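Work through these exercises with the model open. Each task is followed by a stepwise solution.

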Protein chains: 2
Amino acid sequence: MSPNIKIIAEKAGVSTATVSRVINNFPGVREKTRKKVLKIISELNYEVDGIARSLRQKKTFKIGVIVENILSQFYSILAKSIEDVAHKYGYNVILCNADDDPEKELNYLKVLKTSRVDGIIIAPTGKNADYINSLLQSNIKIVLVDRLIEGVECDAILVDNEKGSYNAVKYLIDNGYRKIALINGFTDRTTGKERLNGYIRALKENNIPINNDFIKIRDFKKRSGIILTEELLKNKEKPEAIFAANLDLTLGALLSIKNFGLKIPDDIAVIGFDDTDWEQILEPPLTVVRQPIYDLGSSSAEMLIKNIEEDNKFKKDNLIITLNTKLIERNSVKKLSTISGQINNN
Amino acid sequence: MSPNIKIIAEKAGVSTATVSRVINNFPGVREKTRKKVLKIISELNYEVDGIARSLRQKKTFKIGVIVENILSQFYSILAKSIEDVAHKYGYNVILCNADDDPEKELNYLKVLKTSRVDGIIIAPTGKNADYINSLLQSNIKIVLVDRLIEGVECDAILVDNEKGSYNAVKYLIDNGYRKIALINGFTDRTTGKERLNGYIRALKENNIPINNDFIKIRDFKKRSGIILTEELLKNKEKPEAIFAANLDLTLGALLSIKNFGLKIPDDIAVIGFDDTDWEQILEPPLTVVRQPIYDLGSSSAEMLIKNIEEDNKFKKDNLIITLNTKLIERNSVKKLSTISGQINNN
DNA sequence: ATGAAAGCGCTAACAT
DNA sequence: ATGTTAGCGCTTTCAT
């Protein structure tokens, strides 16, 4: 159907090598010849077959991106920022939603390998260390984003979750809160673990005993936010504040609090993780830990493409960059005197 | 680096043809031979080179998806639903954000052509009819989603925007509203045009004169929602209700209304387009026109893959499917007596 | 049941 | 400045 380089060569009365030189803007073609070839190319609407080119050059200009679920705003921002950078450098993105499922993740890794992508950016489940190491060995460039994998040494770009979490809890403490609950994802993910650690450090540094009834852990999904918050609100001892460790958990917490007919911040204070447009128009606007998601994605893409283009096979030391979060103060936390805290006790 | 079929063949003492038969589960290989080959494959961690296979078979198992911007929830749901279906059939998705920019769209179409994708799903700007027709002619399967293109005959899956819009405005009228404003995207997009048409039909059928001061048009972005709503609220004659024709416009409208210190629905009623988790936890929860976005995407992917796999070159009549919206009643519209409507006049 | 060999469309080394 | 040709890794037709 579509013409190929051979057809163009024939019609232009030159060899395929010359056509190739023209296509690729290589030097060593007389201007007249170049013009002639370009004319035929345009007449026949010739377009390069990228598959043949990739086979020959061992380069696809594709990068694979594996995220948990693009429906979550965190990942859609990540995907967009990666795609922006990729596009800038002439790469395309193959998008994979692994649903936080190690098997699906492995499957996608294999597909990407077979697709001969030039590199992979992955927010990993943490479970496929062996296969990822084998990819690394076969010289596929990989950048981990947001989470690390035990047993894998490779470039990564992370967020300082521990400090972000610490700052949020510290802020609550500074505002007079003592009974602070955490709803969090599983701690076998580095994000979950670090956010828990920050919570604990803030309490310990302020001599507030850790109350296990206030630490609720399940997956990082909205449904868990609903369930865990319900549990907290049904507790004999109710928390004065809830810190929700990601966007979906925050959403779930807000849903539950609304169902219980509680007012924020008078009945309960809330700090969320991640910031979106919606959180500002909530009533009250939500105080949140903002992650630099766009930077996370764009940096990972820059890093990956740099790796790909340098193709430094002897690069030994891997680069791990950690970005900072920022606490955005809005109105879901009020100043609480320690005394009112005591009165609230039941 | 990675072993190829030739290496496997040598080590197994067979020909490459036999290895290929094994890889592809073709019949006509003795069980003993198959076992031997599989053993070598597994020992050497051989994985098929999809690029070479694609070149030979003229099939990539890739589909291109061009959306406006994955950051918008509408498109992230669309992308996810497409990816889900694609994955089910063994296809991968190459994701492209064209930013509603015809040039970027054209560029991506060319990239996808060069990448030899098996098909393309596109929410089109409407501007690249010629190139899209040329793709169709070179037998690349295409499905349009959400919008049509003038001068292109091809499968499409749409939403009944006119009726969705009509229903929203009719609902406002039934609740006693007369001064109903529309903030809408440009009407050179079919979505924009149809949503305007539904608005107009609802007013006309109820003998409410069209007031051009109440019809505000700009692009479909949040910033436009803010600006257009500001304009409306600064009008000498203020609307009693605002119907925002997509999610980002709704978000912008809410932001503006909040800035003006107005209460919904007492000071002004609002109906949004598109439904997300957030709209339920707003105060008040928002009444919206819900589009079946997931179905839109999954149907388009099913349609595309069916086209690809049938490869019916003589398929003449294109299929256009239109899905219905649903009005989700929540609390951002109150019952208004006609009299109070008059009093509000200034 | 298995192998030999052509060829998908391109690039790149080498020759002229 | 241009051409010849090998070959990327696979599938597939035709032999045997």
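**Exercise 1. Find the strand pairing between the chains.**

Solution. Start with strand E2 (residues 92-97) of chain A. Three bridges join this strand to E2(B), and the two run antiparallel. Strands pair if DSSP finds at least two bridges between them; strands (E, at least two residues) and helices (H or I, at least four) are DSSP runs, numbered from the N terminus. Next, find the residue facing A:Ile94: B:Ile94 in E2(B) stands opposite.

A note on conventions. The model is predicted, so local features need pLDDT of at least 70 and side-chain atom pairs pLDDT 80 or more, while totals for chains, interfaces and linings use all residues. Residues are numbered from 1 along each chain as its sequence is written, chains are lettered from A and ligands numbered from 1 in the order written, and side-chain values use heavy atoms, without hydrogens and water.

**Exercise 2. Size up the interface.**

Solution. Count residues in contact (heavy atoms within 4.5 Å). Chain B gives 56 residues and chain A gives 56. Compare the sets: 100% of the interface residues of chain B are also interface residues in chain A, so the copies meet through the same surface. Then take the buried area (accessible area, 1.4 Å probe, lost on being put together, summed over both parts). The chains bury about 5200 Å² between them, 59% of it on carbon and sulfur atoms. B:Glu47, B:Ile51 and B:Trp278 supply 15% of the area that chain B buries against chain A, more than any other three residues.

**Exercise 3. Locate salt bridges across and within chains.**

Solution. Apply the rule: a side-chain nitrogen of Lys or Arg within 4 Å of a carboxyl oxygen of Asp or Glu. Over all chains, the structure holds 48. Across the interface, the rule finds eight. One joins B:Glu283 and A:Lys258 (2.6 Å, N to O). Within chain A, A:Asp100 meets A:Arg189 at 3.0 Å, N to O. A:Asp100 lies in the loop between E2 and helix H6 (102-114), and A:Arg189 in the loop between strand E6 (180-184) and helix H9 (190-205), so the pair ties together parts 89 residues apart in sequence.

How values were computed:
Buried area = accessible area lost by both parts, 1.4 Å probe.
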